[in-house]
Amino acid sequence: MSNRPSFLLAAAAAVLALITVNATMLPARAAADGGAGDFIVNLGERAVGALTDKSIDQGLRQERFRDLLKEGLDLRHIAEFVLGSYRRRASDQQMQDFLSLLEDNIVQNYARRFRNYSGEELKLLNVRDGGRDSSIVSTELSQTGGAPPIQVDWRVHEVDGQFKVIDIVVEGISMMVTQRDEYVGYMRSNGGIDALMDALRKQNQALEKRQEG
Amino acid sequence: MSEWIGRSRRGVIALAAAGFLVFTLGACATPPADPDERAAYEQTNDPLEPMNRSIFGFNMFVDAYLLQPIAQAYEQLPDLVRNGVRNLLRHLKSPVILANDLMQGEVDRAGQTMGRFMFNTFPGMGFLDLAGEASVPYHDEDFGQTLAVWGVDSGPYLMLPFLGPSTFRDTGGIVVDTYIDPVTYWGDNSSRDWAEYAGLILGVTEAIDIRSRNYRQLEDLKETSLDFYATVRSLYRQQRKSLIENRDGVDQPAPVPSMAIEDDFGAGDALSAQANLGE
């Protein structure tokens, strides 16, 4: 493998997991960006507060993570995006099922990572227009052990007056684009959305079993 | 002729792969008739997918039984040693990076590369990155990126044996970089037996170094991805895009791809539908 395909995981860890926030830059920024920067900072603080406690059990951590996920991410938008061109042929029922499988999959994959939080800090850099009624909140995630900080950009838009994250971009690598390319690749070689849902169902079960065991 | 081949193992491997392609075009995937699948097919720009997947399988095998165990052992070395190795590898790439900086008309970045090279040569012999600590950071550059700056399209995706993900354009870039690289000529002219393989040795060392640094993340990714081949392809494309645009500095933030679902996939690159990046 050449290059560094690992940024996605740095992303994952960075993003959904290990966040505390350096809010010193906030007062000056908050007014200018309509609150998008505030929203990200706040989400990060709450994630650290609710999920990094090493004494809580995995079930509770997952439950809290799911609540934050539903509140902070526009899962519907994300689900439609990651299906790529296959979403057009998905029935309402399939869409509904996929949404719930995707949510479970994110919970199973990411909730456990919060346990390993070791004090990385998220610093707000700036907020800019992202086109199509979205904003891009740029942040920098400090690393432990002297590694250079990682740039994490959050694309957010508003749903009924509430900010929601629709993409997380780490050093130019978009988690949603990567996820879409993976799912579309899978659907093309394995027979569409039903095959994808079967695979997700199996993976969710395997992950759940592993956490119990 | 043998002398010519000896010039660059890396280049030759790439050339052999390219030659191999010509004979395996029969292995092309047939474009699907279904419009939705067709959109996905065109977006991935991977007409050689069946062959690429086979080569990827081979690379994964080499990785599991060779690279990964070595990388794990290498990971046990002290940070000082590993960082020294990485610094030296980067140092030796300086001439190629400089040439490409210049061909892209990036005068400032060429200056940084040259400054780093001189600053790091004398006190540290390439093992210490004093320039990096004095905030002249390393950046990568290669002829594939130069071609992109010149307007050459990436062409189809290509999985190279041993070397990993690439495209037609970037594979051509590897060959050209090998011919620019002084290490290649030093190897040809040295009387030491191993010198002929200098380029190969450096390439292998780099692979071990990179693998050891990404060990955990790569394992995680492999475990959770439903289609690891497709994931790697996506990551490669996005990372190249980011490198080509030189969005690796603090003042030039990484590009953020479009997330509008109405866009679907633009022609070619997954990220060609770049967001209006606030410029």
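How far apart are the end C-alpha atoms of α4(B), and what would a straight helix reach? In this predicted model, the ends of the 27-residue helix α4(B) lie only 33 Å apart, whereas a straight helix would reach 39 Å at 1.5 Å a residue.

Chain B contains 13 helices and 2 strands. It is 279 residues long, and 48% of these residues count as buried. When contacts between residues at least 6 apart in the sequence of chain B are considered, 65% of them join residues at least 24 apart.

Helix packing comes next. Two packed helices are described by the angle between their axes and by the distance between those axes. Helix α4 of chain B, spanning residues 49–75, meets helix α13 of chain B, spanning residues 228–244; their axes come within 11 Å and cross at roughly 100°. Because angles of 65 to 115 degrees count as roughly perpendicular, α4(B) is roughly perpendicular to α13(B). On the α4(B) side, the contact is made by B:Glu49, B:Asn52, B:Arg53, B:Phe56 and B:Met60, while α13(B) contributes B:Phe228, B:Tyr229, B:Val232 and B:Arg233.

Elsewhere in chain B, B:Lys93 sits in helix α5, which covers residues 79–103. With a relative accessibility of 26%, B:Lys93 counts as partly exposed. Leaving aside residues up to four places away in sequence, B:Lys93 touches B:Tyr138, B:Asp140 and B:Glu206. Between the C-alpha atoms of B:Lys93 and B:Tyr197 there are 16 Å, and the two residues are 104 residues apart along the chain.

Most residues other than glycine have a negative phi. A:Asp160, although not a glycine, has a positive phi of about 50°. This residue lies in the loop between β4 (150–159) and β5 (162–170) of chain A, and at 79% relative accessibility A:Asp160 counts as exposed. A:Glu171, also a residue other than glycine, has a positive phi near 50°. Its place is the loop between β5 and β6 (173–174) of chain A. A:Glu171 counts as partly exposed, at 26% relative accessibility.

How values were computed:
Residues are numbered from 1 along each chain as its sequence is written. Chains are lettered from A and ligands numbered from 1 in the order in which they are written. This is a predicted model: local features need pLDDT of at least 70, side-chain atom pairs count only at pLDDT 80 or more; totals for chains, interfaces and linings use all residues. Side-chain values use heavy atoms; hydrogens and water are left out. Axes are lines fitted to C-alpha atoms, for helices over the stretch in contact, and angles run from 0 to 180 degrees between N-to-C directions. Helices (H or I, at least four residues) and strands (E, at least two) are DSSP runs, numbered from the N terminus. Angles under 35 degrees count as roughly parallel, over 145 as roughly antiparallel, 65 to 115 as roughly perpendicular and the rest as oblique. Contact means heavy atoms within 4.5 Å. The expected span of a helix is 1.5 Å times one less than its number of residues. Buried means under 20% relative accessible area, exposed over 50%, partly exposed in between (1.4 Å probe, protein chains only).
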